[in-house]
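Here is a short briefing to read beside the model. It starts with the whole chain and ends with single residues.

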Amino acid sequence: MSDPAPLRKTPLNDLHRRLGAKMVDFGGWDMPVQYSGILEEHHAVRQAVGLFDVSHMGELVIRGPQALNLVEHVSSNWAAKLKPGQAHYSGLLYETGCFVDDILVHKVSDTEFFICVNASNQEKDYEHIVAHNRFDAEVENQGAQWVQIAVQGPKAQATLQKLTKTDLAAIRYYWFADGEVAGAPARIARTGYTGEDGFEVYVAPAEGERIWSELTVAGQEFGIRPCGLGARNTLRLEAKMALYGHEIDASLTPLEAGLAWTAKLDRGDFIGRAALLAQKERGITRTLVGFEMIGRGIGRDGYEVQIGGEKAGWVTSGGPGPTVGKNIGLCYLPVDRAAVGQAIEVLVRNQPVEARVVATPFYQRAK
Amino acid sequence: MYPENYKYTKEHEWVNAEGETATIGITFHAQNELGDIVYVDLPKPGATFAQNATFGSVESVKAVSDIYSPVSGEVLEVNSLLSEKPEKLNEDPHGAAWLIKVKLTSPAEVAALMSAADYQKYIGG
């Protein structure tokens, strides 16, 4: 037996420890799961503003005369529709139509795309894209070259605006701008994983700690809090945002995961398109739905879901929804048993507990 | 912080024995490690279990943790406060948020558990 690989650290690791964060192994990364408490951090983001270190996320850059051709080949959404400064959510798929990863594609220019990918998938994604690169384009893994800080919540704009001359109000949802934050070059994207308004700010590693600290000061009047992966998970679950390894993985397709809109089957060819067309023609047999617990108990990731005592599916993510005030979750069910109101049972430690299918997202912010 | 008259386990439970009955809970350290507690699952009065058997679970926002019985016994009473207010476990784990009271099968089991001083050394190291 060899020793497990040492945990990877973000440039803000020491800072988290000084702040008293509880650290956990998250897919091989030593990450803060919470600082003051998951519920408090969750509510801070819904009501004011929270700060997340998401530097473990990967960044891949595709550039060159045929950068767009490569992106369109490997990414299921329609990158040709993006304008410079615009981003979209997409899937990186296998020929089977199942997920290599879910990604955020940012169009920097006609010849450069900046792709944000999941932390523990970044090497796999890089290799996948390189293996399919038959274009005049180069792929670079910039994972170690960026600190990514998410500023999320209704006071995110007011907080971040204090530190930048870039007019944040002019950046629309899923758009980004290159500018400066606290004097350091920064890519500022109006994106997030919480269901709130907010920004994801990409800066050089050497600037990370200083910018985090300046954001903390800028957000003080609003009650800004450092937030860990625990709150990130409850927030994204309420907003029904997928997490790789849970709602999506190498055995599930965008059609099954309720992400058909990310796979543009009517444009030209891309990896996985043929399989998705065939699946669409056949019809999917299972689909991702939201549920809420009726009986006492919490349906957790991996728990079996039954209908009338028979196995029907499984929970992909589940837990308390601090803002919705219910125990909620996502699960796969047969398509003909997936309508809102469908009664299900979640096996909680081998005891069936009553639950029902509900409309999603569980939480949607007022626009 | 850790009452001197309680006994403690490596699984972070405490036992307060008085004659043939004992009150059982989880330690301050345990609740602090778990974080915000949102659900507590406990047995019914009359249930019996052996030492080190799982008798319930505590769920925080992020995870479920089993609770192991520090002693063998029969459940006499369950703390009803926790079904409505599981968060009390974060506030007063050594007091109002006790979990169950049991009739001890073997009172001698209690003496073999850790003292408050030993437990603090255990979690400190």
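A residue counts as buried if 20 or more other C-beta atoms lie within 10 Å of its own, and as exposed if 12 or fewer do. By that rule, buried residues make up 47% of the 367 residues in chain A. The model is predicted.

**Overall form of chain A**
- The radius of gyration of chain A is 21 Å, which agrees with the value near 21 Å for a compact globule of 367 residues.
- Along the principal axes, the C-alpha atoms of chain A fill a box of roughly 60 × 55 × 50 Å.
- Take the contacts in chain A between residues at least 6 apart in sequence: 67% of them join residues at least 24 apart.
- Eight helices and 19 strands make up the secondary structure of chain A.

**Domains of chain A**
- Chain A is assigned three domains: domain 1 (13–55 + 146–238), domain 2 (58–144) and domain 3 (285–358).
- Domain 1 of chain A is written as two segments, 13–55 and 146–238.
- The centres of domain 1 and domain 2 of chain A, taken over C-alpha atoms, are 24 Å apart.
- Ten residues from domain 1 of chain A and ten residues from domain 2 of chain A form the contact between them.
- On the domain 1 side of this contact in chain A, seven residues are nonpolar, three are polar and none is charged.

**Contact between the chains**
- Chain A brings eleven residues to the contact and chain B brings eight.
- The chain B side that touches chain A has four nonpolar residues, one polar residue and three charged residues.

**A hairpin in chain A**
- Strand S1 (residues 22–26) and strand S2 (residues 29–34) of chain A pair in the antiparallel sense, over five bridges.
- Within this pairing, A:Val24 stands opposite A:Met31 in S2(A).
- Two residues lie between S1(A) and S2(A) in the hairpin.
- A:Gly27 sits in the turn and has a positive phi of about 55 degrees.

**Helix H6 of chain A**
- Helix H6 of chain A covers residues 205–218 and has 14 residues.
- From first C-alpha to last, H6 of chain A reaches 20 Å, close to the 20 Å expected at 1.5 Å a residue.
- Which residues of H6(A) are buried? They are A:Gly208, A:Ile211, A:Trp212, A:Leu215 and A:Ala218.
- An α-helix has 3.6 residues a turn, so residues three or four places apart point the same way.

**Backbone details in chain A**
- A:Ala182 is not a glycine, yet has a positive phi of about 50 degrees.
- A:Ala182 lies in the loop between strand S10 (176–181) and strand S11 (184–189) of chain A.
- Is A:Ala182 buried or exposed? A:Ala182 counts as buried because 20 C-beta neighbours lie inside 10 Å.
- A:Arg349 also has a positive phi, of about 45 degrees, although it is not a glycine.
- A:Arg349 is found in the loop between strand S18 (343–348) and S19 of chain A.
- A:Arg349 has 13 other C-beta atoms within 10 Å, so this residue is partly exposed.
- A cis peptide bond, with omega of about 0 degrees, joins A:Thr360 and A:Pro361.
- A:Pro361 belongs to the segment after strand S19 (351–358) of chain A.

Key. Residues numbered from 1 in each chain as written. Chains lettered and ligands numbered in written order. Predicted model: local features only at pLDDT ≥ 70, side-chain atom pairs only at ≥ 80, totals over all residues. Contact = placed C-beta atoms within 7 Å. Nonpolar A, V, L, I, M, F, W, Y, C, P; charged D, E, K, R; others polar. Domains from an automatic or database assignment. Pairing = 2+ DSSP bridges. Helix = DSSP H or I, 4+ residues; strand = E, 2+ residues; numbered from the N terminus. Expected span 1.5 Å × (residues − 1). Rg over C-alpha atoms; globule rule 2.2 N^0.38 Å.
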